[in-house]
Amino acid sequence: MILNLNGLKPLLELVDNSKDPEKIKIGTWAIFCFFGETPKPSFELTKCAILTICRVIQNENDAEVLADATCVLVHLSDGNEENLQMVIDTGVVPALVKQLE
C-alpha cells in the first residue's frame, strides 16, 4: 500500500541527498524493508530504487549498509532478464565484486 502511494521516493531522496552516515544507514535499511513484503512488490513500483541503491553500494563502506543494499539489488534483479540488465547497466557490478574480496 505504501508503495502504491509513492512511499519509497522520500526514502530514496533522503539517502541520495544525505552526507550523514547514520541517515544513509537507516534509509537503506528502510528501503530494504519494502522488499520483505509478501507478495513480492511490483518491479514497476520499486525500480526507482535501482540508481540510489547502486550509488550506496559504490560509495559506502559500512558492512550493514552494504548488506542491506545488496539484498535490495538481489530483489530488484530477480524476475527476468530485463530487471537484471537494468541493474547491470548502472555499472554496479565492479563494486559488488569488490565486496567479495
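1. Let's start with a term: a residue is called buried when its relative accessible area is under 20%, exposed when that is over 50%, and partly exposed in between, using a 1.4 Å probe and protein chains only. At 33% relative accessibility, C71 is partly exposed, whereas C54 is buried at 2%.

2. A word on the model: it is predicted, so local features need pLDDT of at least 70 and side-chain atom pairs count only at pLDDT 80 or more, while totals for chains, interfaces and linings use all residues. Residues are numbered from 1 along each chain as its sequence is written, and side-chain values use heavy atoms, leaving out hydrogens and water.

3. How many disulfides are there (pairs of cysteine sulfur atoms within 2.5 Å)? The count is zero. For C54, the closest cysteine sulfur belongs to C48 and lies 13 Å away, too far for a bond. C71 is in no disulfide either, with the nearest cysteine sulfur, that of C33, 11 Å away.

4. Contact here means heavy atoms within 4.5 Å; among the residues making it are C54 and I57 of helix 4 and L66 and L73 of helix 5.

5. Helix 1 (residues 8-17) also meets helix 4, with axes within 10 Å. The two are roughly parallel, a label for angles under 35 degrees, because they cross at roughly 30°. L12, V15 and D16 of helix 1 touch T52, R55 and V56 of helix 4.

Definitions and conventions
A disulfide is a pair of cysteine sulfur atoms within 2.5 Å. Helices (H or I, at least four residues) and strands (E, at least two) are DSSP runs, numbered from the N terminus. Axes are lines fitted to C-alpha atoms, for helices over the stretch in contact, and angles run from 0 to 180 degrees between N-to-C directions. Angles under 35 degrees count as roughly parallel, over 145 as roughly antiparallel, 65 to 115 as roughly perpendicular and the rest as oblique.
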